[in-house]
Amino acid sequence: MAPPPRLVGKRVLRNEDARLLTGRALFVDDVRLEGMLHVAFLRSEHAHARLKRIDVSAARRRPGVVAVYTAADLGDYWRPGPLLVPPPPIPGLEFHACTQVPLVKDKSRHVGEPIAMVVAESRYVAEDALADITLDVEPLAAVVDLEAALSRGAPLVHEQLKSNRAAHVIQKKGDYDAARAAAHKVITRRFLYDRGISAAIENRAVAARWDARAEELTVWDTTQAPIPIRNGLAAMLGLLESQVRVIAPFVGGGFGPKIMMFYPEEVLVPWAAMRLGRPVKWTEDRRENFTATTQERGQVHDAELAVAKDGKILGVKDVFLHDSGAYDSYGLTVPINSQCTLLGPYDVPNYYTEFTAVFTNKTLVTPVRGAGRQHGVFVMERLLDFAARALGLDRLEIRRRNYLPPGAFPFNNEIIFQDSAPLVYDSGDYAPALEDAARMIGYEKFVREEQPRLRVAGRHVGVGVVSYIEGTGIGPYEGARVTIEPSGRVRVATGVGTQGQGHFTAFAQIVADVLDVPVEGVHVVTGDTREFNWGTGTFASRGAVVAGTACHAAAVAVRDKIVAVATRVLNQPPEKLELAGGRVTVKGAKDDGISYGALATRANPLRGAVKPGTEPGLEATAYYGPDRGSTASGVHAMIVEVDPETAMVEIQRYVVVHDCGKLINPMIVEGQIQGGVAHGIGNAFYEQLVYDDTGQLQNASFMDYLLPTATDVPRVEIAHRETPSPLNPIGLKGVGEAGCIPTGAAFAQAVEDALADFGVEITEIPLSPDKLFDLLKKTRPKKRNVVVLEGSFVFAGPRAAVWDLLQDPAVLGTALPGAMRLERTGDGHYDGLMKVGIGPVTAAEFSVRITLRDREPPARYGMIVEGKGSFGFTRGTAQVALADHKSGTEMTYRAEVQVGGTIAGVGQRLLDSVARRMTKQGLEALNKALAARL
Amino acid sequence: MKPAPFEYHRPGTVEEALAVLARHSGDAKPLAGGQSLIPAMNFRLARPAVLVDLNRIPALAGIRGSADGLRIGAMTRQRAVERDATVARDAPLVAEALPHIAHPQIRTRGTVGGSLAHADPAAELPAVMVALDATFDLVGPRGRRSIAATEFYTGLFTTALAPDELLVEIAIPRPAPRSGSAFVEVARRHGDYALAGVAAVVALDDAGRCRAARIALLSVGDGPVLARKAAQAITGESLTAEAIKGAADAAASQDIDPPGDIHASAAYRRQLVGVLVRRALQRACERARSH
């Protein structure tokens, strides 16, 4: 029997921090090997385009370039990646697997998809060489909007499928229609949730070395799953698993996208290292990260809640679309999490949930911290808020009336969870968490006194209180090996990777408690396939639960071995032995004892015999594979102040009451919650990936993609409740994702509350001041993602002369800023070259093509202007009309301008101004040309 | 995100710097604090063939107070200006605006002249200098010339600075008696490019009426926008709440034609300008009255 916990539950300082804080921790980019080569990828600038021809010969000739690979160069190594998570066994489930490819062969399906790989002596040279590659691509209409994607005649992301439908799943519990018929009220709304990035501080990186003499491949990888990567790479490269060592050293944040496996770069860098016989490294830069690392959160929900007069939930129906992105390698984890987490801590007797996963020409969707759970929580919590309002109930009261009671567990929700097991809550105690949170935030006083008082003073403050559950700690399994070395130090090896979660401390606390040794004396190794051969990875808030429990089991087995060896060595029965402080002593004779280190030596003798049926050393390996996950829960409460004049929101207080079962280290748990809340605040109000209709990401840098900073995130006030999980001996539940799951729902409720006078209703996350402004003004939001130029201009000349002028290439050329030449290449077709630069952007050559169409001389025409250059491309479509005017001819125009490439990602802030300026300059130049002609 | 190849020069004097600029006319770019130029180079949007690093020219940095006002060397770090007691006393608008520029790390590298010459329409300092009616000293192969801030800004990222010239010094006149100033902006996060911002200076006459006002706006045009209609609306008027509101409305409806982008529509920017001009004028008036 293990002694009662001594360290588990304590705020133990982290074992790993000394190394991290003094810069002695190894990250993949720190790997520098002799002769190492560097990689840059040519990536698709188009969201959807057919690749007709690629010429890399000039890049290959550039000094310093060692190799350039295209899809054709990969031979048999070119094959789509594996389906990582097969869908769960849900009756009637439809799923179409289309997994990512290493390099684009025939068409690119999202901006950022790699087309060619350049390997060079330095990253600088590799990037220089990207400009040497010429492509002939045919842009295709992009699939961006989820509903449009499913409409008849929509362009297809994957032609082999008949539609863009990636999956369709229905899950049911009870009879929703009957519940609806019996309902006092039915609340119906549409909810939107949009995409963000994970924004780990360290981007992805892969380095690889092939040792030809040892016939061994070593791969350093920022993956969250080193063992599956090792196994997969060995199979792809035709090596034994034992010939491949994958090391996931310290990683600066995982957040989910690093559990996506066999990214193109991850597959190509080791291959290139073997082929070239030199070490190769690729470190993703931030610009690449925005389009090449997986993302999450695009969903559209049509949901309804059937409630009784007293606020009791009778049933929920939710039909939603889920954005899969261009490939669905990660299966259905995210949308199934959405449908399973929606039920929350509530007793929902009838549930109908249906989703359609949709392929789009956007970056792949795989789990990002929360992994679909926030969508479900947002829908459910918002429905409850609207129901409370409709019934005249307090927001807290409607929740109280629907919580599952403490005696309900285990509670079977009768649907299937992402881990293929039935969705069963192991334990929980929900109502007290709500009361704790309400007390901490001062809900009653705020609503009764402070809010009315401040409202009279013209200030708009609001409170939000929401509940959630989180399925954590799922299988299949993890393992751990605990070894006591002759020095007396304890070594723990486990297969999970670590990205900042404090594994080196949490696992050490568990083991140190069982063995009764100091926590600093326990050395934890994670993420090195040579150290531990079996495991899956760090994801789904499962590291502490699953690997932690395996550590516990292995430590208990080692403890048994200590007792067995000590019994023999000290010649005492086990019941007379005491284990404490790294020593075994005989009860009543404290001085008679032996250290673990000495016992370890005795257990591994150089002479004599290790008896049959025993093993040498003080070492044990154990595995833990839970049948199903443990269910964490909590309540978030926040107070905000909104300035309705500026639409700016300030978060004044943030309270979290969290229950992740038995706490291993409250300090680490609080860090996870604080970080999660920051992530959630980002999702709620700051972060949104904005795609235009052509699939171009419009905020592909931290200039325009806004992460909340220290000044935007309040210090979270945290309280813990501990409802142990009955599924593992310590009673653990996971916590990694919890902080960000209910934040959007809390934020929406609080902002709506603050703006109650304005009748604002929030059904969309992320919010932004711009969107709040539209809500406050009740204006229909304008499309934000396209630059529209509208205006008129009066030419000082007759209409016929103006018309002729507009067809003349010599004149049109003068209207193009920086035009170097423009030639008529056919009726209404003009080709040319222009040199454009602005401010910090160095003037660069653009090839330009103008097409005039639908011409009705001398009244109207349409015009398409396409430009292509080293930092991207632009396409403008314009409708132009000419009419007689008292001082000549009035031109009215309406143009839409879209851009792609670097300028699309980082130039949005200035696009409107630049387009306007160029239009103005062009029109003035035309007028001048007209004057010269008349 | 590695820059394209470039040639690097680090002159020790203004003359040397000008000589390099002249030699590579048009292809050379002066490097001040590098907080905008270097990221643009890493994106390969800026590809200067030659970089002329001004960071080792001691003569270009420093703050001097005089009877006429304040003179700030172009290479003076923003952080130094922010912490300078003379600036706080003689140009409180500059001191008030500076903390809105990005973050301390960036202000520690970023220079006053670099920001002014870069002419980003969202930058705080150009609007502040326009509001203060500052003068910029430029030197080049044709000698030294002074130009009013208002004249310096000619368009989007475009200034009166020739490719072979350097901005070397900024002169800020002493505040008029019974005057007050205020800087306000709305940014998504502290330190971001503002969605809109206002730098306002108001001078009162003996009767407490507005004798003169200069209101400059940022992030709502091609460069700093001098809100002339707003200033006209209050000049000679008693500074009542209605008068101030009238000026704010004039700024929002007549002085600007703001662009829209993914962060703020043109309509939202207009609304912000109305609110911020009102708040800035209120604060500037309170300060003027207390002098």
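This is a predicted model: local features need pLDDT of at least 70, side-chain atom pairs count only at pLDDT 80 or more; totals for chains, interfaces and linings use all residues.

Modeller: Let's begin at the contact between the chains, which takes 53 residues from chain A and 45 residues from chain B. Chain A and chain B bury about 4200 Å² between them, and carbon and sulfur atoms carry 58% of that. On the chain A side, three residues stand out: A:Glu645, A:Pro840 and A:Arg909 supply 16% of the area that chain A buries against chain B, more than any other three residues.

If you'd like to trace where the chain A side comes from, the elements that give two or more residues to it are helix 3 (123-130), helix 8 (286-292), helix 17 (666-686), helix 19 (769-777), strand 34 (841-856), helix 22 (902-906) and helix 23 (908-933) of chain A. Helix 23 of chain A gives the most, with eight residues. Sorted by class, the side of chain A that touches chain B has 23 nonpolar, 13 polar and 17 charged residues.

Next, chain A itself. Chain A is divided into domain 1 (18-140 + 202-252 + 258-292), domain 2 (165-196 + 295-474 + 628-777), domain 3 (475-621) and domain 4 (787-933). Take domain 1 and domain 3 of chain A: their C-alpha centres lie 38 Å apart. Their contact takes 18 residues from domain 1 of chain A and 19 residues from domain 3 of chain A. Together these two domains bury about 1400 Å², 49% of it on carbon and sulfur atoms. Within domain 1 of chain A, the residues that lose the most area to domain 3 of chain A are A:Gln224, A:Ile227 and A:Arg245, together 38% of what that side buries.

Two salt bridges cross between domain 1 and domain 3 of chain A. A:Glu216 forms a salt bridge with A:Arg530, with the closest N and O atoms 2.4 Å apart. Helix 6 (226-237) and strand 12 (244-247) of chain A are the elements that give two or more residues to the domain 1 side of this contact. That side divides into twelve nonpolar, two polar and four charged residues.

Two residues of chain A are worth a zoom. A:Thr291 is found in helix 8 of chain A, and A:Thr291 is buried, with a relative accessible area of 10%. The C-alpha atoms of A:Thr291 and A:Val111 are separated by 6.3 Å, although the two are 180 residues apart along the chain. Leaving aside neighbours within four places in sequence, A:Thr291 is in contact with A:His110, A:Val111, A:Gly112, A:Thr363 and A:Leu697.

The other is A:Asn402, in the loop between helix 11 (395-400) and strand 17 (411-416) of chain A. A:Asn402 counts as buried because its relative accessibility is 0%. The side chain of A:Asn402 reaches the backbone oxygen of A:Gly311 at 2.9 Å. Not counting residues up to four places away in sequence, A:Asn402 touches A:Gly311, A:Lys312, A:Ile313, A:Pro345, A:Tyr346 and A:Asp347.

Over in chain B, the division is into domain 1 (7-53), domain 2 (62-173) and domain 3 (179-289). The C-alpha centres of domain 2 and domain 3 of chain B are separated by 20 Å, and each of the two gives 25 residues to their contact. The area buried between them is about 1900 Å², with 60% from carbon and sulfur atoms. In domain 2 of chain B, B:Glu96, B:His100 and B:Pro121 lose the most area to domain 3 of chain B, together 26% of what that side buries. Three salt bridges join domain 2 and domain 3 of chain B. B:Glu96 turns up here too, meeting B:Arg287 in a side-chain salt bridge (2.8 Å, N to O). On the domain 2 side, helix 5 (92-97), helix 8 (124-132) and strand 8 (153-155) of chain B each supply at least two residues, and helix 8 of chain B has the largest share, seven residues.

Technical notes: Residues are numbered from 1 along each chain as its sequence is written. Chains are lettered from A and ligands numbered from 1 in the order in which they are written. Side-chain values use heavy atoms; hydrogens and water are left out. Contact means heavy atoms within 4.5 Å. Buried area is the accessible area (1.4 Å probe) that two parts lose on being put together, summed over both. Helices (H or I, at least four residues) and strands (E, at least two) are DSSP runs, numbered from the N terminus. Ala, Val, Leu, Ile, Met, Phe, Trp, Tyr, Cys and Pro count as nonpolar, Asp, Glu, Lys and Arg as charged, and the others, Gly among them, as polar. Domain bounds come from an automatic or database domain assignment. A salt bridge is a side-chain nitrogen of Lys or Arg within 4 Å of a carboxyl oxygen of Asp or Glu. Buried means under 20% relative accessible area, exposed over 50%, partly exposed in between (1.4 Å probe, protein chains only). A polar contact is a pair of N or O atoms within 3.5 Å; within protein, one must be able to donate a hydrogen and the other to accept it, and residues adjacent in sequence count only if both atoms are side-chain atoms.
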